[in-house]
Each structure stands twice: as C-alpha cells, then as structure tokens.
Amino acid sequence: MDFEFTKEEKALQEEVREFMKKESTPEMLKETEDMGDIYGGPEGRKIIRKMAAKGWLTPTWPKEYGGLGLSDVASYMIREEMGYHGLPFGFVAAHMAGPTILRFGSDEMKKKWLPRIASGELEFALGYTEPQAGSDLSALNLRAEDKGDYFILNGNKLFNTSCHIADCHWLACRTDFDVAKHKGVSMMIVDLKSPGITISPLITMAGWQTNEVVYEDVRVPKENLVGEKNKGFYYLMAALDFERMFPLGRYHRVFDELVEYTKETIVDGKTLSKDPLIRQKLAQLSTEIEVTRLLYYQLAHILDKGGIPNYQSSMEKTFATECAQRIVNVGMDILGLYGQIKEGSKWAQLKGKVEKFYRTSIVETIYAGTSEIQRNIIAQRGLGLPR
Ligand SMILES: Cc1cc2nc3c(=O)[nH]c(=O)nc-3n(C[C@H](O)[C@H](O)[C@H](O)COP(=O)(O)OP(=O)(O)OC[C@H]3O[C@@H](n4cnc5c(N)ncnc54)[C@H](O)[C@@H]3O)c2cc1C
C-alpha cells in the first residue's frame, strides 16, 4: 500500500505551509491560544477570508458553492498544517454544519448558506448539549413550537462554545414531545443576534470560554429548518461524525519542540537526548503520532470514496486526543517542575506550551463526546457488540 500524497497534493502542501508560516504572526497565535482554537476574533476573521479566497476553507465542496472540488485528503492535509502552525482549524460552519447541509439541505438552503460559509463570512456555533443532555443527546428538550411560517424556541443550552463570537447557532431542538426521544428532534440555523437569546460565559480549565445559552420566545423562520422536521437526530449524528476527527498538528508541534529541547538541554554534563528513559518515551510517542496520522487520513479516504466515517471517527478522535495527553504528560516528565510554569515567567520553558496544552488536552477527551462514549460506539457499531 502506498500512503504517499500525490504530486499535486505535495505541491499544495508546500503552498499551504508557506502561507501558514507567513500568517502565523504573534498576534494570530495569541488570539488562537486565548480563544481555544476557534475563530471569530479579528485576526481569525482576517486569515479565514484569505484562506477562503484560495478555496482552502471548503476545498472539497463543489465549485458552484465556493469549493475547489478537491479530495478530502487535500482538505485534511490543510487542517493538519493549520494546527501545526498554531492557527485555528476547528470550523463549525465549514467542516461540520456545511457538509451536513450539502448532504441533507434543500437546494434553497444550499444556495443561501453554503457560499457565505465558503467565503469565510459566517461562522456557526454547535448547539447540542443541555443541562440534562450531554452524552445522551436524545434527552434534549429545548422546545420549538411550530407556528406556521416560523418556530418559537424556549429552553437552555450548556457548553455551547463559540456562541459569543459566531454568527449563527447550529441548533438541535425538540419539535415533537409525543414520540420516541430521537424521533422528535429537528435541526435549525438561528441568527445568534435574534431577540430573546442570552449568552453567558463559562471559563474552562484550559482558560478559554464556552457558554450557557438561554432561549426565551426566540422566533426562527421556517426556511431555517435543516432538511425535514423531526429528522434532526439523524443529521446531528452525521454532523458529529464530521466533527470527530482531530488533526494532531498542534500537539505534533509540541512534540517536535520537545525533541529539539532534549537535544539542546544539558543536565549533569550530558544532553537530555542521551537519557535512555527519555529516548524510549519519545520513540514510543513518535510511533503513536504516526498511527494517529494514518487513522486521520483513513477518514479522508472513506469520505473520498463517498462514505461518512462513523466508528472510525470515534477511533481517531479517541486515539488522537489521548495521544495528545500522552505527549504533554511526557513533556511534564522531561521539563520537571519547570513544566508547570506558565508563559510569561522567565522560568517558563518552550514558552509555557506544555503547561498550557496539558490543561487544554483534558477538555479534548470530553467535548465532541467523551472517550467512554467513543468506546461504546466502537464496541457497538465497529464490533457489533450489544448496547
Ligand atoms: C470545553 C467544552 C466545550 C464544549 N463545547 C460544546 C459545544 O460547542 N456544543 C455542544 O453542544 N456541546 C459542547 N460541549 C459538551 C460536551 O459535548 C459534553 O460535555 C460531553 O458530551 C459530555 O456530556 P456531559 O458533560 O453532560 O457529561 P455526562 O453525559 O453527564 O457524562 C458524565 C460522565 O459519565 C460518562 N458516561 C455517560 N454516559 C455513559 C455511558 N453510556 N457509558 C459510559 N460512560 C458514560 C461520561 O463519559 C462522563 O465521564 C463541550 C464540553 C466541554 C467540556
């Protein structure tokens, strides 16, 4: 089997790398870190527009909707490079909602939303979790009452990241209370500036913001319903499959910097890179990074063949996010007590990256579905084990 990129993909990779190196200015990196790899701040909006102008935000989409008609391998490669260079790579509109609209939305919906997403004009925020509905999303009960030409929405969402900077909410709500739980859910696109929406911050241990969002008599036009009413749970599951793919780029970068650090740092008269225990740990991690890349590009391959990865996304999400934790754990071992010192202190090593990503890596095995839930999916849908 040949895992090489094609000549065209390699040329694109070079072009993307040069672009990313130029665009990852100190201001951009600071904004990305502060915001937890979401975009929507002034720097993020600028770079997304530049990427969109090259077609790199939605490279796989048909040209009529602002794409380039490229392979998913090309799209995944662009995101991996973005992560490696410290830029935001998790786009709700371009990578989760957009592909779901492409598959299940009406022609009118595609024409209305997709070109605006592809041009970088709009970002969405994910609106799934509620206080009583996290792992079990079928328990969600934000109520949407059908009033003919519009819906009236009431209820609460929790941990809805990006709502404070995004334009629209990619919202799962309940349109039927009298059927089996998963059969009464619908998906809608809601303008986050609509009257009746209140967004309150929740600060995570990673230091960045997620939100509690309250809907009080919010009016949403019927044309914003995605696909068919009460079929939303199916669309939500597909959107989650698109979400559960994690380029390891930024942790790969931390790993590369750790390797360099061990080569340059002398302790007790010899470089850390000569320590047998450190060498064993780094060698193990480099193998795991390679395994993650293969799992990651396997998802692109499934998409290129017309499928939607399912339990395979869960495998990649779990392995990648847990590998990220192993990288920063080894970083803590190598740096010793210096590893706990934040960026800004004169004692901080590697600009405090290990300390920062140690905290960030913890929330990553929770959002987009916890590791336990991913393993349940792999057991049921991958291995055919009973629920
Ligand atoms: C930083 C952050 C950002 C987030 N961003 C978003 C967002 O933008 N939009 C959004 O909609 N949501 C978001 N979430 C919510 C996230 O998806 C949920 O927190 C997650 O799915 C877990 O749900 P829960 O918090 O309700 O925990 P629970 O579902 O209550 O789970 C608690 C514990 O029980 C375990 N558990 C639950 N059910 C099972 C089971 N059947 N088998 C085995 N173990 C089980 C879980 O693994 C977990 O350890 C975010 C969460 C965090 C922390």
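This is a predicted model: local features need pLDDT of at least 70, side-chain atom pairs count only at pLDDT 80 or more; totals for chains, interfaces and linings use all residues.

Residues are numbered from 1 along each chain as its sequence is written.

The chain has twelve helices and nine strands. Those are DSSP runs numbered from the N terminus, with helices being H or I of at least four residues and strands E of at least two. The C-alpha atoms fill a box of roughly 75 × 45 × 45 Å along the principal axes. With 387 residues, a compact globule would have a radius of gyration near 21 Å, and the chain agrees, at 21 Å. That radius is taken over C-alpha atoms, and the globule rule is 2.2 Å times the number of residues to the power 0.38.

Of the 387 residues, 44% count as buried. Buried here requires 20 or more other C-beta atoms within 10 Å of the residue's own; 12 or fewer is exposed, in between is partly exposed, and C-beta atoms are placed from the backbone.

In soluble globular proteins, nonpolar side chains tend to be buried together. The largest nonpolar core has 97 residues, and Val92, Phe124, Trp170, Ala172, Met188 and Leu236 touch the most other members. Helix 10, residues 311-335, gives the most to this core, with nine residues. Such a core is a set of buried Ala, Val, Leu, Ile, Met, Phe, Trp, Tyr and Cys residues joined through C-beta atoms within 7 Å.

Take Val92, which lies in helix 5, residues 92-104. Why does valine 92 count as buried? Because it has 27 C-beta neighbours inside 10 Å. Leaving aside neighbours within four places in sequence, its contacts include Phe124, Leu126 and Trp170, a contact being two C-beta atoms, placed from the backbone, within 7 Å.

Last, the ligand. Of the 20 residues around it, Tyr128, Gly134, Ser135, Thr370 and Glu372 come nearest; the cut-off is a C-beta atom, placed from the backbone, within 6 Å. Helix 12 gives the most to this shell, with three residues. Domain 2 (125-231) and domain 3 (244-382) both give residues to the shell, so the ligand lies between them. Those domain bounds come from an automatic or database domain assignment.
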